[in-house]
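This briefing covers the overall form of one protein chain, its surface, and a selection of its residues. Please read the points below with the sequence and the structure open.

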Amino acid sequence: MGVQQQYLSGLFFIVFGALAVWAGNDLTIGTAADMGIGYTPRALAIGCMAVGCILLLQAFVVTGAEKGPSVSIAWRPLVLVTVMVIGFGVLLPYLGLPITVALMTFMAALSGESFRWPALVAMAVGLAVMSLLLFSTALNLQIRVWPF
């Protein structure tokens with residue numbers, strides 16, 4: 001990653017984290033023992049800001065002689081990941097958790113340059129089963145499991 005890319009990535013993470021903290025300002029945080037609805041989003045937002053600070057520090061520490069390539073945006077992954085996040089929110093109430101997770105895994109594979117079908121199918125099934133076990137069974141969250 002070039003210095004300019006690292007600098008811009010750091011700024012992006014800091015701004016995104018700050019916006020997330022601001023957007024969730026009215027959510028109840030609670031404590032680590034009794035988490036409120038805003039506990040995890042705020043922790044993730046603070047984590048994003050921390051990653052941004054680390055990236056900025058690394059960009060400033062690199063010597064001035066080392067110049068990275070110019071910033072180019074990879075549009076395909078950016079668009080597909082955005083569509084995936086929106087698709088997950090739209091499809092979850094209709095298809096249920098395992099099917100939605102499996103579909104999103106296949107969509108995530110499309111954003112890459114190459115993939116192997118056997119590994120992709122195994123990953124989709126594994127993620128679907130693990131998300132079902134984690135969210136529905138272990139955490140006992142009221143998430144739609146099956147479309148019927």
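The radius of gyration is taken over C-alpha atoms, and the globule rule is 2.2 Å times the number of residues to the power 0.38. For a compact globule of 148 residues that rule gives a value near 15 Å, whereas the protein chain has 19 Å. The model is predicted.

**Overall form**

- The protein chain contains five helices and zero strands.
- In sequence order, its pattern reads α-α-α-α-α.
- Along the principal axes, the C-alpha trace of the protein chain spans about 60 × 45 × 20 Å.
- Of the contacts in the protein chain with a separation of 6 or more, 62% are accounted for by residues 24 or more positions apart.

**Burial and surface**

- Buried residues make up 22% of the 148 residues in the protein chain.
- A nonpolar patch on the surface is formed by Leu110, Phe115, Trp117, Val121, Val125, Val129, Met130 and Leu133.
- Together, these patch residues have about 760 Å² of accessible area.
- Which helix gives the nonpolar patch its largest share? Helix α5, residues 117-138, contributes six residues, which is the largest share.
- Trp117, a member of the patch, has its place in helix α5.
- Trp117 counts as exposed because its relative accessibility is 54%, and the cut-off for exposed is over 50%.

- Is Thr100 buried or exposed? Thr100 has 0% relative accessibility and therefore counts as buried.
- Leaving out residues up to four places away in sequence, Thr100 touches Phe88, Leu91, Leu92 and Leu95.
- Leu103 counts as partly exposed because its relative accessibility is 38%, between the cut-offs of 20% for buried and 50% for exposed.
- With the neighbours up to four places away in sequence again left out, Leu103 touches Leu91 and Leu95; both of these residues are also among those touched by Thr100.
- From Leu103 to Glu113 the separation is 10 residues in sequence and 18 Å in space, C-alpha to C-alpha.
- Thr105 is buried because its relative accessible area is 9%, and buried means under 20%.
- A polar atom of the Thr105 side chain lies 2.8 Å from the backbone oxygen of Val101.
- Beyond the residues up to four places away in sequence, Thr105 touches Leu120, Met123, Ala124 and Leu127.

- Phe12 has its place in helix α1, which covers residues 3-23.
- With a relative accessible area of 52%, Phe12 is exposed.
- Phe12 and Cys48 are 36 residues apart in sequence, and their C-alpha atoms are 9.1 Å apart in space.
- Leu78 lies in helix α3, which covers residues 75-95.
- With a relative accessible area of 43%, Leu78 is partly exposed.
- Leu78 and Ala102 are 24 residues apart along the chain, with 20 Å separating their C-alpha atoms.

**After helix α5: Asn140**

- Where does Asn140 lie? Asn140 lies in the segment after α5.
- Asn140 counts as exposed, at 55% relative accessibility.
- Asn140 and Asp26 are 114 residues apart in sequence and 25 Å apart in space, C-alpha to C-alpha.

Key. Residues are numbered from 1 along each chain as its sequence is written. This is a predicted model: local features need pLDDT of at least 70, side-chain atom pairs count only at pLDDT 80 or more; totals for chains, interfaces and linings use all residues. Side-chain values use heavy atoms; hydrogens and water are left out. Patches are made of residues with over 30% relative accessible area and no salt bridge: like charges are joined within 9 Å, nonpolar side chains (Val, Leu, Ile, Met, Phe, Trp, Tyr) within 5 Å. Accessible areas come from the Shrake-Rupley method with a 1.4 Å probe; for residues, only the protein chains shown count as cover. A salt bridge is a side-chain nitrogen of Lys or Arg within 4 Å of a carboxyl oxygen of Asp or Glu. Helices (H or I, at least four residues) and strands (E, at least two) are DSSP runs, numbered from the N terminus. Buried means under 20% relative accessible area, exposed over 50%, partly exposed in between (1.4 Å probe, protein chains only). Contact means heavy atoms within 4.5 Å. A polar contact is a pair of N or O atoms within 3.5 Å; within protein, one must be able to donate a hydrogen and the other to accept it, and residues adjacent in sequence count only if both atoms are side-chain atoms.
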